[in-house]
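Please examine the sequence and the structure before reading on.

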Amino acid sequence: LTSHPGIAAWLIPDNLIQAFVLVVENVADGNNPASRLIPMRPTQRFRTNGEIPQLSTDPANYARYNTHAEIVASINPVGAAELYRRLTPLITEAYIELGHPDGGFDDTVQRAMRVLLETPVLERSFTLVPRAAFFEFTDDDLENLRPAQKQFLGMGPRNVRAVQASLLDIARELGIDPNNLPIPEVVR
C-alpha cells in the first residue's frame, strides 16, 4: 500500500475497519472526523498571526500536516483499490452495524471524496475570529463550508492539493467515473 514509515501510527487503533468506516461516513456527511483520528492528531499547537481584526492562520501550521499529506500521497492507488475490494465484506459488515442495513458503503466513499474534492485550495490568507475553543472564518464562503472541509483547509494548500490528487488517483482505480467527481478549485 505504501512504504512510508508513518503509516504504522495509523494502523495502531483497535477495530481499524470500524474506525475507517466511521471516518469515511463522518467526512461523507461533512462532519469533522478528528475525534476518531486521535493517533493522527498533530503534536504542535495551532498558531495565529496578527491581532483582531486581522488575525490569520500562521502558515507554519501547515507543516503540522506535512507527514499526513506525504503518507496519503505515497499510497499506491492500485494497491489501495485492491485492499478496499479485499476488505469490502468486512467494511460492509461494519457499515451495516452502524445502522445501514442495505450496505451501500461505495456510495459513502464517493460522497466523502466529493466533500474533500469540493474543498477549495486556498492560496491566499484569510482572517479569523477567535471563539471559546476554536476559530471562525470572517469570510462567509469559508465559514459556510462543512466542518470536515474546514478541518481539511487547515492542512494548507500544498497538503490539500496532494491529498486531493491522491484521492482522484484512488477514485480512478476504484472505477469511479471522474466526471462524477468535482475538480478542486484554487482560490487565490
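## Helices α2 and α4

Helix α2 (residues 16-28) packs against helix α4 (residues 77-97) at an angle of about 75 degrees, and their axes lie 9 Å apart. Axes are lines fitted to C-alpha atoms, for helices over the stretch in contact, and angles run from 0 to 180 degrees between N-to-C directions. The two helices α2 and α4 are therefore roughly perpendicular to each other (65 to 115 degrees).

In this contact (heavy atoms within 4.5 Å), α2 contributes Ile17, Gln18, Phe20, Val21 and Glu25, while α4 contributes Tyr84, Leu87, Leu90, Ile91, Ala94, Tyr95 and Glu97.

## Basis of the model

The model is predicted; local features need pLDDT of at least 70, side-chain atom pairs count only at pLDDT 80 or more, and totals for chains, interfaces and linings use all residues. Residues are numbered from 1 along each chain as its sequence is written, and side-chain values use heavy atoms, with hydrogens and water left out.

The angle between α3 and α8 is about 20 degrees, with the axes 8 Å apart. Helices α3 and α8 are therefore roughly parallel to each other (under 35 degrees). Asn66, Ala69, Val72 and Ala73 of α3 meet Arg158, Asn159, Ala162, Val163 and Ser166 of α8 in this contact.

Technical notes: Helix = DSSP H or I, 4+ residues; strand = E, 2+ residues; numbered from the N terminus. Parallel < 35°, antiparallel > 145°, perpendicular 65-115°, else oblique.
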